[in-house]
Amino acid sequence: MDQVSVDYPSRPGIIRNVSLHLPAGSFCFVTGPSGAGKTTLLKLMFLGLRPTAGTLQVFGRDVASLSRDQRAYVRSRLGVVFQDFRLIEHMSIYDNVALPLRLAGKDSQGDRDYVRELLDWVGLGDHAQAKPEELSGGQKQRAAIARAVINRPAVLLADEPTGNVDDGIGLKLLRLFEELNKLGTTVVVATHSESLLQRFEYPTLRLKQGQLVDRAPAAGAVAEQERGAL
Amino acid sequence: MVFRGQSAALMLPVILGLMAVLATFFALQTTQKVFELQESIGLANSELTVFVPSTPGLTPSDTDPAVKRALDLLHNSAGLGRIEVLSREATRALIEGTLGSAIQPHVPLPSILSVKRARRGDLDVAALGVALDRAAPGSLLDDNAALRTNLQAARAAEMAKGAALLVTVLIVVSITAALVIGQSVEMQGEVIDVLYVAGASDRVILSQFVGFTLRSALLGVAVGALGGWTLQLAYWPRVLSEPNTLLPLQAPVMLVVILLLVLASVGSARWNVLRKLKRTF
Ligand SMILES: Nc1ncnc2c1ncn2[C@@H]1O[C@H](COP(=O)(O)OP(=O)(O)OP(=O)(O)O)[C@@H](O)[C@H]1O
Ligand SMILES: [Mg+2]
């Protein structure tokens with residue numbers, strides 16, 4: 001990201017002149033007070049929002065130059081956990097989690113077994129046929145995470161993935177992200193939780209009113225002037 | 001189906017069905033009128049009328065020699081069929097009907113001969129007229145040219161009116177489908193985000209909406225067309241007594257109407273969905 005800004009017609013300056021580079025395979029946190037623009041920053045990263053100014057590169061390519069189909073392809077290599085989960089209400093948990101696989105045309109017996117396995121792993125094995133409304137907030141969150149990682153994304157963007165679960169499960173989820181990270185997935189986690197930030201020694205991007213204000217000690221991998229992959 | 005539970009969109013088959021009732025009814029009304037005009041044109045084409053002025057000084061019981069000469073000529077002309085001399089009463093009725101007032105009893109009536117044209121065979125109407133005038137001076141040959149022109153103009157007007165009504169309904173259908181499906185796209189914004197993020201292309205999302213529109217349209221339009229046909233049947237029960245002639249006439253009209261309605265709704269819905277998707281990044 002190079003000097004990226006986002007304005008809404010009603011509210012200018014949601015993101016202001018943010019420059020950052022996330023090397024492939026890195027792990028970082030995004031933090032800041034409510035309304036600072038964390039969700040908006042992630043939205044930029046999953047091409048859910050067009051920067052009003054500045055350039056945005058993903059996988060080494062300027063997104064402005066990509067066709068809509070190419071952007072769809074870029075998105076298919078991302079996994080996103082929404083702050084509000086966004087599970088599709090009339091579909092079962094199984095179908096929600098399997099959605100990215102189906103969209104990629106993967107529906108073999110092996111793929112189905114893999115969905116079951118992942119549901120078991122996040123502790124939702126018994127709820128595969130339940131509808132999202134029958135689940136607790138924490139269970140929905142785990143379903144949303146399972147959906148985000150099912151297609152083995154190159155980049156995982158998670159918005160408050162531990163906001164609705166107790167610390168134990170929160171830690172377990174972060175460990176899952178670490179596992180994925182070790183397998184090469186770039187991970188970005190937006191969070192309020194200071195305890196998480198303290199427990200995990202990863203670079204932290206601090207946002208305040210749309211600006212990057214501070215870099216945590218381990219932020220060496222995230223240099224403001226660098227222009228690179230993301 | 002990834003998108004579901006949109007009450008507005010569920011109204012789509014109902015709205016399209018009602019439009020299909022109207023479109024089918026109008027189109028079949030036009031078909032009926034054009035068919036009936038066509039029958040009249042055919043009749044006008046197949047008949048000639050010959051007026052022979054009465055020879056002065058004959059008593060009613062005498063055979064008019066002018067009429068006899070005209071009949072001889074007609075019988076010997078190629079391309080003609082049955083020839084009929086109208087009775088006095090029929091003649092009086094026809095002339096009064098044309099002139100619109102009672103004829104004085106002492107005014108001599110012309111004789112009127114009604115002549116069928118043969119199905120096949122060329123007939124030179126102008127030459128026949130000249131020959132008739134020679135055989136029975138002052139006689140007139142009417143080949144219904146004026147009537148035919150009127151009927152043909154009426155037929156063209158009916159077709160234009162029918163086409164205009166159909167186009168109007170198609171426009172309404174297009175706008176309705178585009179609005180309803182557009183509304184549903186707006187309401188499904190979050191699900192669309194999820195699909196995009198899960199790697200769906202525009203084509204995948206579009207196909208969901210187009211598929212829904214197509215199913216709605218097929219269902220609504222098929223039922224509506226049947227309703228429109230039934231309604232029109234009340235105006236034209238003749239279809240039931242002559243199904244072999246009239247059903248093959250109505251079927252293609254209905255098929256075209258159904259096809260146009262489905263195409264209009266799916267096409268406009270597709271256009272509007274794509275337009276809205278293009279607004280997303
Ligand atoms: N579609 C929108 N139109 C106008 N303003 C918006 C829109 N979306 C977000 N905003 C504004 O942008 C700012 C940043 O929002 P964002 O959701 O990125 O914050 P956040 O850091 O994720 O907050 P939280 O921790 O509460 O989730 C907020 O002030 C919000 O009101
Ligand atoms: Mg947020």
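This report covers chain A and the interface of chain B with chain A.

The model is predicted: local features need pLDDT of at least 70, side-chain atom pairs count only at pLDDT 80 or more, and totals for chains, interfaces and linings use all residues. Residues are numbered from 1 along each chain as its sequence is written.

Chain A has seven helices and 11 strands (DSSP runs, H or I of at least four residues for helices, E of at least two for strands, numbered from the N terminus). Its radius of gyration, taken over C-alpha atoms, is 17 Å, close to the 17 Å that the globule rule gives for 230 residues, so chain A is as compact as a globular protein of that length. That rule is 2.2 Å times the number of residues to the power 0.38. Buried residues (under 20% relative accessible area, 1.4 Å probe, protein chains only) make up 54% of the 230 residues in chain A.

Now the interface. Contact means heavy atoms within 4.5 Å. The table gives the residues in contact on each side.

| Chain | Residues in contact |
|---|---|
| Chain B | 22 residues |
| Chain A | 24 residues |

The two chains bury about 2,000 Å² between them, 64% of it on carbon and sulfur atoms. Buried area is the accessible area (1.4 Å probe) that two parts lose on being put together, summed over both. B:Val194, B:Val197 and B:Phe281 supply 42% of the area that chain B buries against chain A, more than any other three residues.

Three salt bridges cross the interface (a side-chain nitrogen of Lys or Arg within 4 Å of a carboxyl oxygen of Asp or Glu). B:Asp193 forms a salt bridge with A:Arg86, their closest N and O atoms being 3.2 Å apart.

Key. Chains are lettered from A and ligands numbered from 1 in the order in which they are written. Side-chain values use heavy atoms; hydrogens and water are left out. Buried means under 20% relative accessible area, exposed over 50%, partly exposed in between (1.4 Å probe, protein chains only).
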